[in-house]
Structures are given as C-alpha cells and as structure tokens.
Amino acid sequence: MKDFGSRLSGAMAHRGALCVGIDPHPELLRAWQLPVTPEGLEQFAEICVEAFDGEVAMIKPQVAFFEAFGSAGIAVLERTISVLTASGTLVLADAKRGDIGSTMAAYARSWLSEDSPLRSDAVTVSPYLGFGSLEPALTLAHNTHRGVFVIAATSNPEGAQVQSATRPDGRTVGQTVVDEAAARNAGAHHLGSVGVVVGATLGHAPDLGKLNGPILMPGVGVQGGGPDDVRRLVGDSNLKAVVPSVSREILRAGPSVTALRDAVHKSAEDFAFLQA
Ligand SMILES: O=C(O)c1cc(=O)[nH]c(=O)n1[C@@H]1O[C@H](COP(=O)(O)O)[C@@H](O)[C@H]1O
C-alpha cells in the first residue's frame with residue numbers, strides 16, 4: 001500500500017481537494033426528519049455515504065456525534081468507516097485524540113492499526129500534551145501507511161489563548177506544532193503523511209511553507225471562513241496542499257441525496273482554484 005500522503009494527493013488530483021464532514025448533530029437529524037436514536041444515526045450516515053462516496057478526496061466522520069449514542073453509535077461509525085474504506089474513499093476519523101504516550105498508544109491502535117474495527121486512513125490528534133506525546137500515533141501511522149492530522153491553529157476563538165502564545169524563541173506554540181510536523185515530512189516526495197489542522201476563520205496562520213504535508217482547513221461555511229480566507233491564510237505557494245473541510249454547510253442541504261451532491265459540487269467549485 002502507498003503511504004497516506006501519496007494516496008491523498010492522488011485522490012485530490014482525481015476528485016478535487018474537498019473533504020466533507022459527517023457530523024450528525026441532533027438538530028440535523030431532526031431537520032432530516034430522522035429520530036435522534038441509533039437508528040436515525042444509521043440512516044443519516046447511510047445517506048451521507050450514498051451522497052459523498054466517490055465525490056470527494058476525503059470524508060471526515062466527527063467521532064463525537066457517534067460516541068454520544070454509546071456502543072450502538074460506535075457500531076454505526078464502524079460500519080460507516082468500513083463501507084467507505086472498502087470503496088476506496090479516504091476516511092479521516094475526527095477523534096482529536098491526545099494523551100500521555102502509553103495511553104496515546106492505545107488511541108493509536110483504535111484508529112490506525114490494521115486489525116482494529118475502527119481503522120481509518122488517518123486520525124486527528126491534539127499535540128497539546130506535548131508534540132512528543134504523539135509519538136506512538138506517528139510511529140503506528142508510519143508503519144501502517146496511514147496518516148495523522150495534528151491540530152495546530154484551530155478555528156475556534158478560544159484556541160488562540162494556547163496556540164498563539166509566544167515561546168522564548170519567538171515562535172508561537174502553533175508554529176512549533178507545524179515545524180514538528182514538517183520535520184516528520186522531510187524527504188516525502190508528494191505530500192508527507194503528517195498533516196496539520198489550521199482553521200479557515202483565523203486572522204493569520206502559522207508559516208506553512210516548509211510543511212510538505214496536507215493542510216486540513218475546517219471552519220469553512222457555518223463558522224464564517226471561505227475560499228478567500230483560505231487563500232489569504234496559506235499563501236499561493238501552499239495552495240496545492242490545502243484540504244478544505246466542510247460539514248454543516250453541506251449537510252444542511254439534506255436529506256435529499258441529489259441536493260447533498262449539488263451542495264458538494266458547489267463547494268468543490270468554490271475551491272477549484274486550489275488545483276489550478
Ligand atoms: O479537526 C477538525 O476537523 C476541526 C478543527 C478546527 O479547528 N475546527 C473545526 O471546526 N474542526 C472540526 O470541523 C468540523 C466543522 O464543522 P462545520 O462548522 O459544521 O463545517 C467539526 O467536526 C469540527 O470538530
């Protein structure tokens with residue numbers, strides 16, 4: 001199997017850069033006339049799979065909305081991930097895991113090991129227990145040809161308190177996260193397999209020029225970010241590495257599969273400049 005970065009750059013070349021999130025908010029279930037139960041969750045996920053599979057470079061299920069239903073929700077998540085990965089669509093599990101190294105190793109096994117029922121192509125991780133605490137996930141991802149997306153500068157306004165703090169060497173904390181990720185991608189030919197997450201809502205972003213890996217940009221749509229923000233934040237030379245991520249703005253078009261697909265195509269058009 002090719003490494004995750006190569007698979008992602010191949011998918012982006014074929015299908016465009018967009019990532020669509022599967023975020024089954026209870027309000028969305030209700031808006032889709034579905035019960036807020038594991039059965040409703042399953043129908044929501046099935047409609048999303050039908051609408052998005054094969055249409056975009058990557059699909060990002062937000063794990064929290066499945067966990068909220070307990071073991072029945074996790075079972076729906078497992079099935080959703082395995083249907084998508086079996087059809088060749090890249091799945092990024094948005095679990096934002098981060099813990100001391102020995103516990104991180106267990107989180108890593110859940111999302112990145114070949115024999116886990118939840119195995120995905122990549123997982124989001126939080127470095128705010130120290131970048132080094134992510135080592136078990138970085139190592140397992142490398143060994144299983146999977147990827148990690150490390151939270152660097154998030155789309156929520158509260159993130160700046162930690163991520164924009166300045167270290168004694170003058171770099172922001174978010175910048176050091178990007179720099180550590182860049183060190184992991186050194187020598188990768190296409191895109192490295194260690195991505196970062198940078199919110200499209202930010203006033204300014206860390207310097208991404210040496211990352212050599214994918215830049216996931218959520219915060220597009222309902223949170224207020226748009227294509228112009230993406231361009232402004234990453235700079236022209238980094239546009240090819242950007243994976244804009246949209247959840248509610250697209251999901252609100254449901255439950256019609258045709259309307260969901262139309263919303264995907266509209267978003268994809270808005271971001272076509274990334275591939276130009
Ligand atoms: O890691 C993420 O995907 C993420 C990072 C971030 O900085 N901001 C952010 O909104 N997200 C996730 O991206 C999705 C955004 O959803 P919408 O605002 O509905 O597009 C949610 O699943 C968030 O958890």
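Student: Is Arg79 buried, exposed or partly exposed, and what is its relative accessibility?

Tutor: Keep in mind that this is a predicted model. A residue counts as buried under 20% relative accessible area and as exposed over 50%, with partly exposed in between. Arg79, at 40% relative accessibility, therefore counts as partly exposed.

Student: Which residue does the side chain of Arg79 meet in a salt bridge?

Tutor: For a salt bridge we look for a side-chain nitrogen of Lys or Arg within 4 Å of a carboxyl oxygen of Asp or Glu. The partner of Arg79 is Glu42, with 2.8 Å from N to O, and Glu42 is partly exposed as well, its relative accessible area being 22%.

Student: Where do Glu42 and Arg79 lie, and what does the pair tie together?

Tutor: Glu42 belongs to helix α3 and Arg79 to helix α5, which covers residues 70-86, so their pair ties together parts that are 37 residues apart in sequence.

Student: How many salt bridges does the structure hold, and which residues are linked in a network of them?

Tutor: There are 13 salt bridges in the structure, and the network links Arg167, Asp169, Arg171 and Asp179. Within this group, Asp169 and Arg167 form a salt bridge whose closest N and O atoms are 3.4 Å apart; Asp169 is partly exposed at 43% relative accessibility, and Arg167 is partly exposed with a relative accessible area of 35%.

Student: How should I read an aromatic pair, and how are the rings of Trp32 and Phe44 arranged?

Tutor: One looks at the distance between the ring centres and at the angle between the planes, where under 30 degrees counts as stacked. The structure holds 3 aromatic pairs, and the one formed by Trp32 and Phe44 is stacked, with 4.0 Å centre to centre and 25 degrees between the planes. Trp32 lies in the loop between α2 and α3 while Phe44 lies in helix α3, so this pair ties together parts that are 12 residues apart in sequence. Trp32 is buried at a relative accessible area of 3%, and Phe44 is buried at 0%.

Student: Finally, how many residues surround the ligand, and which are the closest?

Tutor: The ligand is surrounded by 15 residues, the closest being Asp23, Lys60, Ser155, Gln223 and Arg248. By class, this shell has 5 nonpolar, 5 polar and 5 charged residues. An N or O atom in the side chain of Arg248 is 2.6 Å from an oxygen atom of the ligand. Taken alone the ligand exposes 510 Å², and the protein buries 90% of that.

How values were computed:
Residues are numbered from 1 along each chain as its sequence is written. This is a predicted model: local features need pLDDT of at least 70, side-chain atom pairs count only at pLDDT 80 or more; totals for chains, interfaces and linings use all residues. Side-chain values use heavy atoms; hydrogens and water are left out. A residue is near a molecule or strand if one of its heavy atoms lies within 4 Å of it. A polar contact is a pair of N or O atoms within 3.5 Å; within protein, one must be able to donate a hydrogen and the other to accept it, and residues adjacent in sequence count only if both atoms are side-chain atoms. Accessible areas come from the Shrake-Rupley method with a 1.4 Å probe; for residues, only the protein chains shown count as cover. Ala, Val, Leu, Ile, Met, Phe, Trp, Tyr, Cys and Pro count as nonpolar, Asp, Glu, Lys and Arg as charged, and the others, Gly among them, as polar. Rings of Phe, Tyr and Trp (its six-membered ring) pair if their centres lie within 6.5 Å; planes under 30 degrees apart count as stacked, over 60 as edge-to-face and the rest as tilted. Helices (H or I, at least four residues) and strands (E, at least two) are DSSP runs, numbered from the N terminus. Buried means under 20% relative accessible area, exposed over 50%, partly exposed in between (1.4 Å probe, protein chains only).
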